[in-house]
Amino acid sequence: MSVSRRALLTTAAGTAVAATSIAPPAQAVAEEVPGHAAMLRAFRETADYAVAKLRAVAPGVSGFPVGTKFEKWTYSQNGGWVGGFWPGTLWMAWLYSGEERFRTLALASAEKLAPRQHDTGTHDLGFLFYPSWVTAWRLTGEDTWRAGALGAASSLIRRYNPRGRFIRAWGALDEQANAGRVIIDTMMNLDLLAFASSQSGDGTYLDIAVEHARTTQRHFPRPDGSTPHVYDFDPSSGTPLGPATVQGYSPASCWSRGQAWGIYGFTTIHRRTGHREFLTTARKLADFALGALTPDNVPVWDYLAPQAPHDIKDASAGAVMACGLLDLSKATGEPRYRDAALRLLTALSRTCLTTKSTRAEAIVARCTRNRPSEDGVEISLPYADYYLLEGILRVLRPDDIDRAIDLSTV
């Protein structure tokens, strides 16, 4: 089936989801499989803690949280690259609790991102608009949110380089610096393009997403399944130049959050296209990461840094990875990936929450933003909170998460 044909067929389905998803969250929870009762209880306790924390902190939030300093949120007023995660976290709280205050705050926060739909200077429009505007549309049915997400997707595809078949990561369109720089993180922004094709009937968006994913697939994974953070290309010819890094230890290392973005991103693009090669790549990346995990099931910040595995942790990598593994298990039919995801979520719930601090405004601690720059080492990060809640609700409330972010497979 052609991309355009598939997009047209899924448009009606997406509209139907929005039209029937205005009701408050369902109260049913996942069936308690024997032997899993304690784990499910722990997940409910974590979700309860998160909701209580958000109930106390959210009314005083004055922008988009980007990270903590002395356990208090610091803010960006335009959202930076992380702006979608705060409204996304509020949506997760609403799905779990049904409290109208979270829905109201989620919509108000998402609205502040409206100018960013025209931002052609970043590849992070998926991070910005999927957990905020796409989710808002899916949960309210109000077309303003759908239209804004489509606008963001149109801005994103302007960053596509047809010679190298990639979406450039950083820099304004007219800047030569970083014009050929691709990063593993962009795999997570492709789902906005899949959404745009399904809703507009224009296969161009998904075609670009597929080409970028194929370029990433050709150049990022090493034979052992590890990946670099960055790969550079000649922007004029599209010729591959080689691996690099910004947030990893070196071009030859494996930044754990980047590896998690790859696992989740390749599984998602498989779900949107049915292309088996993307699933194969997701499995390869997952198998490496699982082999590199320490017994405590909390990833170190870089799996191949010299001090690994005895190094600084990054709980956000674990939260992202858990969500990707739950997806991967469903797509492959392999329970081992779900089992690993549950171990990750359990470890984060037991050892990485802020429960022992009276000052903390975030939910998850032990995160690392950019170790090489000594920027945000062992702090809290908004995407850790978001993906931990997404992962837990994938287990406790899979139907509600499906309503919010669309877990369907073509």
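Reader: First up, R366: how exposed is it?

Author: R366 is partly exposed, with a relative accessible area of 24%. On that scale buried means under 20% relative accessible area, exposed means over 50%, and partly exposed is in between, using a 1.4 Å probe and protein chains only. Keep in mind that this is a predicted model, where local features need pLDDT of at least 70 and side-chain atom pairs count only at pLDDT 80 or more, while totals for chains, interfaces and linings use all residues. Residues are numbered from 1 along each chain as its sequence is written, and side-chain values use heavy atoms, with hydrogens and water left out.

Reader: OK, and where does R366 lie?

Author: R366 is in the loop between helix 12 (335-351) and strand 8 (367-370). Helices (H or I, at least four residues) and strands (E, at least two) are DSSP runs, numbered from the N terminus.

Reader: What's its phi like?

Author: R366 has a positive phi, near 60°, and is not a glycine. Most residues other than glycine have a negative phi, and most peptide bonds are trans.

Reader: Then what about E374, buried or exposed?

Author: E374 counts as exposed, at 57% relative accessibility. E374 sits in the loop between strand 8 and strand 9 (375-379), and its phi is positive too, about 50°, although E374 is not a glycine.

Reader: Which residues does the cis peptide bond join?

Author: A308 and P309, with omega about 5°. P309 is in the loop between helix 10 and helix 11.

Reader: And what does T294 touch?

Author: Not counting residues up to four places away in sequence, T294 touches P309 and K313; contact here means heavy atoms within 4.5 Å. T294 is also in the loop between helix 10 (276-292) and helix 11. At 13% relative accessibility, T294 counts as buried. Its side chain makes a polar contact of 2.5 Å with the side chain of D296. A polar contact is a pair of N or O atoms within 3.5 Å; within protein, one must be able to donate a hydrogen and the other to accept it, and residues adjacent in sequence count only if both atoms are side-chain atoms.

Reader: Moving on to helix 11. Why call it largely enclosed?

Author: Because 15 of the 18 residues of helix 11 are buried, it is largely enclosed by the rest of the structure. Helix 11 (residues 315-332) reaches 25 Å from its first C-alpha to its last, close to the 26 Å expected at 1.5 Å a residue. That expected span is 1.5 Å times one less than the number of residues. After helix 11 comes G333, with a positive phi near 75°.

Reader: Which residues touch the most other members of the largest nonpolar core?

Author: L193, I269, M321, L325, V364 and Y387, out of 130 residues in that core. A nonpolar core is a set of buried Ala, Val, Leu, Ile, Met, Phe, Trp, Tyr and Cys residues joined through side-chain atoms within 4.5 Å.

Reader: What's Y387 in contact with?

Author: Leaving aside neighbours within four places in sequence, the contacts of Y387 include F85, F127, M188, W261 and Y264, along with A319, V320 and C323.

Reader: How many cavities of 30 Å³ or more does the structure hold?

Author: It holds 1, and about 220 Å³ of space lies in the largest cavity. Of the 18 residues lining the largest cavity, the closest to its centre are Y130, M188, D191, Y264 and Y387. A cavity is a set of points, on a 1 Å grid over the protein atoms alone, where a 1.4 Å probe fits but cannot get out, and lining residues have an atom within 4 Å of a point. Grid points are joined across faces, edges and corners, and a volume is the space filled by probe spheres set on the points.

Reader: Which element gives the largest share of that lining?

Author: Helix 9, with 5 residues.

Reader: Last one, R397: buried or exposed?

Author: R397 is buried, with a relative accessible area of 6%. A polar atom of the R397 side chain lies 3.0 Å from the backbone oxygen of L95.

Notes: 1 Å grid on protein atoms, 1.4 Å probe; cavity = no way out; pocket = protein on both sides within 12 Å on 5 of 7 lines; lining within 4 Å.
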